[in-house]
Amino acid sequence: MNLRPAALFVLCLLAVGGCSSAPAHRDASTLPVPLDGATVVPARQAGTLYAAEERAVDACMTRRGFAYEPVPAARPVSANPYGLLTEDAARADGYGLASAALDGHPDDPNAPALAKLPEARRTAWQTALIGTGERQVTLTASGAPSLRVNTDGCVYLARREVYGDAWEQAEVDATGASTEVVARVAAAPAFLAAQRTWAACMAEQGERVGTLQEARGLVQDAVLRAGDDREALLRAGRREQELARRDALCQGRGDLAEVVRTAQGDVQSRLPKASWAKATQVRELRERALRRTGA
């Protein structure tokens, strides 16, 4: 039982697609991402920052008179913001959805001790961790969903300690700016033509899907239906790898990554300075947090 909310902050990942056979062997790190990757955090850095947050939560809870054990990080499910996929990644783990579900969420080490507490003390522990609505703020930004944050809980205070006071709004701002870039690229005529090529290629492979969102969504639906049924998850995983391999193959046929890169360059050349400022701010705050951790 994980009592710490796992989705305090929204990651906006818009999947889009195209179709081919040769260039899909490129490394995933070379695939285009909006705003120079301001909102894309490498797995190692994400793990380092998460561990720093958990240490800060522990210290905050201790100051408030509660015992707390840092919660292990769940296995991340990465996705290129445009939905681009390399053949190597597809062969290795599909979209990474079924394998993450099979790994499951790590057990919350706080759960056993918390279950033994009287109800009032347990409620106080949860309030100390998550906060209350009394000091809740709503963060907004163009292109991003509104985000309500309890500013009196240790989860928020820990993030503020790790990243600084400006982090929450900066993250929302950068996510919104990045999402708007992805949306404009996905509406570009060159991308739409490449996506039609991808869909035709997928049809040749026996897959009736019109967009990358739909292809990935088929796997997401299967994983959700499987729930905790291991055999069903294994079946979903086999289907996922088959679909993902075809997806990556078809993306390469029209060299979709280059289509996206070109369209992204055009979109970003017309961005206001404010969008780049948001990207720069969130990147600088993250790099400063990494330096504080000694990473």
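**Tour of the disulfides and a helix pair**

This structure, a predicted model, holds 2 disulfides. Counted along the chain, the bonded cysteines follow the pattern 1-2, 3-4.

Select cysteine 60 and cysteine 154 to begin. These residues form a disulfide, with their sulfur atoms 2.0 Å apart. The link of cysteine 60 and cysteine 154 is left-handed, with -75° about the S-S bond. Colouring the helices shows that the pair links distant parts of the chain: cysteine 60 lies in helix H1 (residues 43-63) and cysteine 154 in helix H6 (residues 154-163), 94 residues apart. Both cysteine 60 and cysteine 154 are buried.

Next, select cysteine 201 and cysteine 250, whose sulfur atoms are 2.0 Å apart in a disulfide. The torsion about the S-S bond of this pair is about -75°, so the disulfide is left-handed. Here too distant parts of the chain are linked, with cysteine 201 in helix H8 and cysteine 250 in helix H10 (residues 230-253), 49 residues apart. Cysteine 201 has a relative accessible area of 1% and is buried; cysteine 250, at 0% relative accessibility, also counts as buried.

The crossing in which H8 passes H11 is left-handed. To view the contact, display the side chains of Ala190, Phe191 and Ala194 on H8, together with Leu256, Val259 and Val260 on H11. The residues of this contact of H8 with H11 comprise 6 nonpolar, no polar and no charged.

Definitions and conventions. Residues numbered from 1 in each chain as written. Predicted model: local features only at pLDDT ≥ 70, side-chain atom pairs only at ≥ 80, totals over all residues. Heavy atoms only, no water. Left-handed = near helix turned anticlockwise from the far one by under 90°. Helix = DSSP H or I, 4+ residues; strand = E, 2+ residues; numbered from the N terminus. Contact = heavy atoms within 4.5 Å. Nonpolar A, V, L, I, M, F, W, Y, C, P; charged D, E, K, R; others polar. Disulfide = S-S within 2.5 Å. Buried < 20%, exposed > 50% of the residue type's maximum accessible area, 1.4 Å probe, protein only.
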